[in-house]
Amino acid sequence: MSNVDATRSAPVENRLYADTAELVSFYDESFHLTECSARHRKAYAVDSLVDATLWHVYPELLADATKSAVEFVLASGLPRTVEIANVKTGDERTLIIFRSSGGIGIIEAESTSSFHRTYSQSEKDRALLLHQATHDVLTGLPNRRQFSDQLRGALPISEGSKLALMQIDLDDFKPVNDTLGHGAGDTVLKMAAERIRSVLGDQEFAYRLAGDEFAVIQWRGNQPKEAERLAEALVSVFKEPFTVGGINVFVGASVGIAVAPTDGNEFEQLMKAADIALYAAKKDGRHRARTFTRAMLIVLEQREMLRRSLRTALSEGQFFVQYQPLVTPSFSVAGFEALLRWRHPTVGVIPPNVFIPMAEMDGLMSEIGQWALETACREAMKWPAHFTVAVNLSPAEFLHAGLTDRIAQTLDLVGIRADRLELEITESVLLERTINNLDTLNTLNMLGVQISLDDFGTYYSSLSYLKNFPFDTIKIDQYFIKDLENDEKSQTIVRSIVALAHGLGMNVTAEGVETAEQAAWLSKTGCDRLQGYYLGRPMPPSKIDAFLHKFASTVPLGETPISSPNPAFEP
């Protein structure tokens, strides 16, 4: 392929520059010319060269000092300005060298007898500003402005062509900023840009859109196969840790793929398809790539319908609370956990793991959580005076201002003793605003409310939490209970948690107890409370009295094993 054909094979890359009156040229990472402005093409007789390279066009850059500047730009992504003199005529020229998506670009300001023009400093500055306006300063990648210009310019795709758009979000980037500072975050972003560049080939161009959001445009005929290949390479290249200040941090990547014209042949259509695919990748567990399908769009539309319905669910009385018993090893009921549910008028009962994240995102969780808290406390007033009621606090609810005041007001309003209320939080809420979290927990502790650490061992477990935060109870997640009867590792972990909690003066509740054998083993090991289908399913308030009557007549744990779930405990 001639050099002219090669430059024409990149219909998107650097179009913003190619149409200018500047002397602009672009080179890949092997320093082969890939694109140039019409003026540059004429000035350097590019069409007459079989294989033009940077060194053919600017042999002066082979000198040690100037070549090192080129290598610096390629490695760092930061632009450099160098002065060179023509080896034949002695004319001085200023070259602004910058990182482009496929390699490097050069904007030239010259003072030569052939052009009879002297460039002022303001014109040199203008050329540099042109680069800065279209490139991200931190990473050297083209920015959102250039991305939008180039993608809009490429669409609609003509018959027989294929363009793939990849939206890339970094996973677990926020904790880097929060724990190591923004300087470390910037370092990770620069290294992330280099990793993205490292897997790109011909006709594959990267951009930084904002924050930890990147994009790649790929021109290939065999789609979506080629896009999926590149996306998997992008995910894989992020599996190795980033080393920042001697500390290894793990930041992954999720990728959403959309292909034009199949998934959309206009800018907004293709962007929406890629966004939906990225959302699917994150919902599937992150650190992966997903290609847009129509089914994803249906799921998203259903989700948006639920979000709209959620705004009126509380006022229309669609929420309700069920109660699951908490049982001691002596086979007596110690209380119930209140479990929030949503009964949609057309869809039916929607699980909490579906609607609670929506409510948190839309700022509704504080109001919904307050309703659930007051409802559960009022129900608990009908139980025996020694029964406790456990209520879950979502992360958004816990971090909302005024939480402790609302809880204190609820206790006074309902008239329930503070020690009968147990608030359950997960470890994830402790990652945010540590000092404020400690103040909140200490205030709740002073009110006399019990505090339980839910799902211990499954998220961001740290022994420092147990040392620094005033917990009354640790709840062992059902993940460690489900194979307890025949898995020695699970048995060892559960024994360790029980011993650790008791050594710190805390109680232990085991979740997910589904067999008599699990219940007997946990009782023998010293668990203070048990919870699960074997002991009782979640039930409406109207079934609690009947449950307690049946439960009181059942034989103690371990004497007569009963198959799970125990029919005697069904409400």
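## Helix α14

Helix α14 covers residues 365-380; at 1.5 Å a residue its 16 residues should span 22 Å, and the end C-alpha atoms lie 22 Å apart, which agrees. The expected span is 1.5 Å times one less than the number of residues. Helices (H or I, at least four residues) are DSSP runs numbered from the N terminus.

The buried residues of α14 are Met365, Ser366, Ile368, Gly369, Ala372, Leu373, Ala376, Cys377, Glu379 and Ala380. They cover an arc of only 160° around the axis, so they are on the same side of α14. That arc is taken over the directions from the helix axis to the C-beta atoms. Buried means under 20% relative accessible area with a 1.4 Å probe, protein chains only.

## Basis of the model

The model is predicted: local features need pLDDT of at least 70, side-chain atom pairs count only at pLDDT 80 or more, and totals for chains, interfaces and linings use all residues. Residues are numbered from 1 along each chain as its sequence is written, and side-chain values use heavy atoms, with hydrogens and water left out.

## Nonpolar cores

A nonpolar core is a set of buried Ala, Val, Leu, Ile, Met, Phe, Trp, Tyr and Cys residues joined through side-chain atoms within 4.5 Å. The largest has 76 residues, and Leu421 and Leu522 have the most contacts inside it. Its largest share, 7 residues, comes from α14.

Beyond its neighbours within four places in sequence, Leu421 is in contact (heavy atoms within 4.5 Å) with residues including Leu373, Cys377, Val389 and Ile407. A second, separate core of 33 residues includes Val176 and Phe214.

## Cysteines

Cys377 counts as buried because its relative accessibility is 0%; Cys527, at 2%, also counts as buried. The whole structure has 0 disulfides (pairs of cysteine sulfur atoms within 2.5 Å).

Notes:
Buried < 20%, exposed > 50% of the residue type's maximum accessible area, 1.4 Å probe, protein only. Helix = DSSP H or I, 4+ residues; strand = E, 2+ residues; numbered from the N terminus.
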